[in-house]
Structure formats: C-alpha cells, structure tokens
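Please keep the sequence and the model at hand while reading.

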Amino acid sequence: MLYYLFEYLDKTMDFPGAGVFQYITFRSALALILSLMISTIYGKKIINFLRNQQVGETVRELGLDGQTQKAGTPTMGGLIIIVATLIPVILLAKVNNIYIILLIVTTLWMGIIGFVDDYIKIFKKDKQGLKGIFKVIGQVGLGVIVGSVLYFSPVVTIREKSLKPIAFNQTVDVNKEESREIKSTTTTIPFTKNNELDYARALSFMGDGYEKWAWIIFIPIVIFIITAVSNGANLTDGIDGLAAGTSAISVLALGIFTFVSGNIILSSYLNVMYIPNSGEMTVFIAAFVGALIGFLWYNSYPASVFMGDTGSLTIGGIIAVLAISVRKEMLLPVLCAIFFAENLSVIIQVAYFKYTKKRFGEGKRIFLMSPLHHHYQKKGYHESKIVTRFWIVAIMLSIVSIVTLKLR
C-alpha cells in the first residue's frame, strides 16, 4: 500500500524522498525492521491472548527430559509469524506482483491448514489433530494452484539469451547477444556448468508440440516439492528454536538467490537465469526472516510459545514456493537438508520397524527415536546444544548453496 502511495507522490507531486520506495533494497530493509518490531512487540500480546484462551501444549509421552515442564506452554505461535510477515508485505511490496500474490496465498492457505490441525488437537482433545489425508489434500491443492499459475500465467517468464549474427557490409561481422522473455519450465541444476534443465524435455518422445503438455510433468513436481518441504518443516518443529532458526537461515540464502535472479545486471554478471519481476519476492523474504527471528525471541529455550502446525506447515510451504519460483528447487536437498534428514529419519525408522517385525516377529529401530532431533535427545544431548549444532549445519549448507552461484 505504501509503495503505491509514495509512487503516486513521487510522480505527481515530486515529493522529496518518495522515490526511494522504488528500490527493492530499501523496502526490504524496512520490511525486515517492521516485521521484527511486530513479532517482538506484539508477539507478547498474542502469547498472552493464547494463554488466556488456554491454547496450551499437551504433554506428549515421549520419555524425554523436560517434556512435562512444557505442558501448558501456548501453541499456535505460528500466528505471530504469519501476522508479522503479511503486514509489512501488504504495506511495502507490490501486491499486484504475481509472485507476491502466490506467496500471500501460500501463507494463508498453509496457515489455515495448520490452524485447523492445532485447533483439533487443543480444543477437540484429539492428539492426532487433522487427519493426514486432509493435510495431504490441502498440500496437493496448494501445489495445483502454484503449479498452474507458474505454468499458465503469461507474466511468469524467464529471459532467454541467444546469439544473433549481425550483417555488416553484407557479411557476418560480429555476434550480438540478444534476449527475449519466454514461457518456460526450465530450472537450474546446481554444481553444473550448463546448469539448466527443461522439464518439458521429458516429453520429447511425443514429437512436435510436446512443450504444450509440459504441465503434466511440471505441476506434479511442484506438488511433490511443496508436500515434502512442508512436512519436513513440520517434523523439524520438535524442540525449542529448531524449526524457526534453521528456516530463517535457509530463507536468508534464498533471499540472495531471489535478489540476484530478479536483477538483470547481477544475473547477467553471474550467468544466472534472469526471472523478470521475481526480485519483488525479496521484500517478502525480508519480512519473513524478520518474523522468524522475532519469533525466536520467544521460542528460544526455554520456549514461551510453540509455533504449532500453524507455523511449521506455513514455513515449509513458503520455502517450497520461493525455491520453485526462483527456479532453485533442485538446490533444496542441500539448502534444506535438515528438513530432508528429519523426513528420511521417520521414513527409515517406520520402514525398518515394519520390515523387521514382519521378518523376525519383533520390530527393531535404527534410531533411538525419530525424527532425528529426538534421537540426539535420547542420547542425552541438551535441547540447546542440539539446536545450536543444527543451526551451524544450516549455516554451512546455506554457504554451500550460495557458492553454487559461481561454483560449477
């Protein structure tokens, strides 16, 4: 909203200083500060409201130290993250930008799914919460929306580079690099020199015109990524500060990719795919990072509030959509390796237990407990040490991811 106001003041009244709102860097910095203020100042009020409504965590019989003491701690704290993200975005971003619209829809969509899940757990006294099938339906629904918009919307394009010969005195003298905006399902492959892959090529066996059927490949990929990352974030939210801290680090790295991909000069210099209009997502990312850091003010050990599924599912959905929009989804196994490790630990644990029970009549486990962070708790590590070490790993993974801008 403020962006359009100051744009109007700059163009019609030549209002001093109004032009600075045209810069993504300025609005991103302002969004970061504003989201930090909202999450830290008003976060306390939201926590008190949740406590007064008796929106408290129930005791989970996990056999872990400190679990009993956490009973009654307010949950649904993801509302702090959602509010502190959306208010700066609505005020400072171009809300008619297709990528901003998608991210706002993602935030609200996943937030509602998580909220319903938390509501059932707390007020309906059902520890299972929203049935898994309905969560998956919700994630698939979001994947269909995001995939369809990114594929069919005419404003979602990439800039293709090509070399066109220029005639000089009727002979080819030099090559001039030209570019044009095109619709494409091309993505980026990390750590490779010719690092672009077009999903549509998987259908090349269909002959001429196969490109128009690329949505058959693209949309299911989007659905899979959103489902996997949101579930990974959900599983990572198990101890104080873990999900919020690792997410903030990963999102900050994505912010660098987004800014570079949306800047024609930087993308050309670094030989990165230029995605028109995508730079505006930097404002959203700044607000999101500020909200996560502000939430950590209350979520760090010992937590005054838990994010619940309201927050964790939202975080995962946003990260997935950001990565897909900026064509860096293939980097997620590195950038969000902690999420995937948490996911895999559960899959491996359950599969091995079922296999050994069927084969030997007694189920066996690989980990002391899953997800992975509970394994380390069972080994006697304190929550703070586990979280700090996971943060360090997340920082290293983010650095490796950023280095892929030049390391090919």
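How many residues does helix 4 have, and how far does it reach from its first C-alpha to its last? In this predicted model, helix 4 covers residues 98–123, which is 26 residues, and spans 37 Å between its end C-alpha atoms. That span is close to the 38 Å expected at 1.5 Å a residue.

**The ends of helix 4**
- At the start of helix 4, Asn 97 places a side-chain oxygen within 2.8 Å of the backbone nitrogen of Tyr 99.
- Lys 125, which follows helix 4, has a positive phi, near 60°.

- Glu 280 lies in the loop that links helix 8 (264–269) to helix 9 (281–299).
- Glu 280 is buried, because its relative accessible area of 4% falls under the 20% cut-off.
- Leaving aside residues up to four places away in sequence, Glu 280 touches several residues, including Ile 24, Arg 27, Leu 92 and Asn 97.
- The side chain of Glu 280 also comes to 2.9 Å from the backbone nitrogen of Lys 94.

**The protein as a whole**
- The protein contains 14 helices and 4 strands.
- Its radius of gyration is 23 Å, close to the 22 Å given by the globule rule for 408 residues, so the protein is as compact as a globular protein of that length.
- Of the 408 residues in the protein, 49% are buried.
- Among contacts with a separation of 6 or more, 72% join residues 24 or more positions apart.
- The protein exposes about 20,100 Å², and carbon and sulfur atoms supply 64% of that area.

Note on methods. Residues are numbered from 1 along each chain as its sequence is written. This is a predicted model: local features need pLDDT of at least 70, side-chain atom pairs count only at pLDDT 80 or more; totals for chains, interfaces and linings use all residues. Side-chain values use heavy atoms; hydrogens and water are left out. Helices (H or I, at least four residues) and strands (E, at least two) are DSSP runs, numbered from the N terminus. The expected span of a helix is 1.5 Å times one less than its number of residues. A polar contact is a pair of N or O atoms within 3.5 Å; within protein, one must be able to donate a hydrogen and the other to accept it, and residues adjacent in sequence count only if both atoms are side-chain atoms. The radius of gyration is taken over C-alpha atoms; the globule rule is 2.2 Å times the number of residues to the power 0.38. Buried means under 20% relative accessible area, exposed over 50%, partly exposed in between (1.4 Å probe, protein chains only). Contact means heavy atoms within 4.5 Å. Accessible areas come from the Shrake-Rupley method with a 1.4 Å probe; for residues, only the protein chains shown count as cover.
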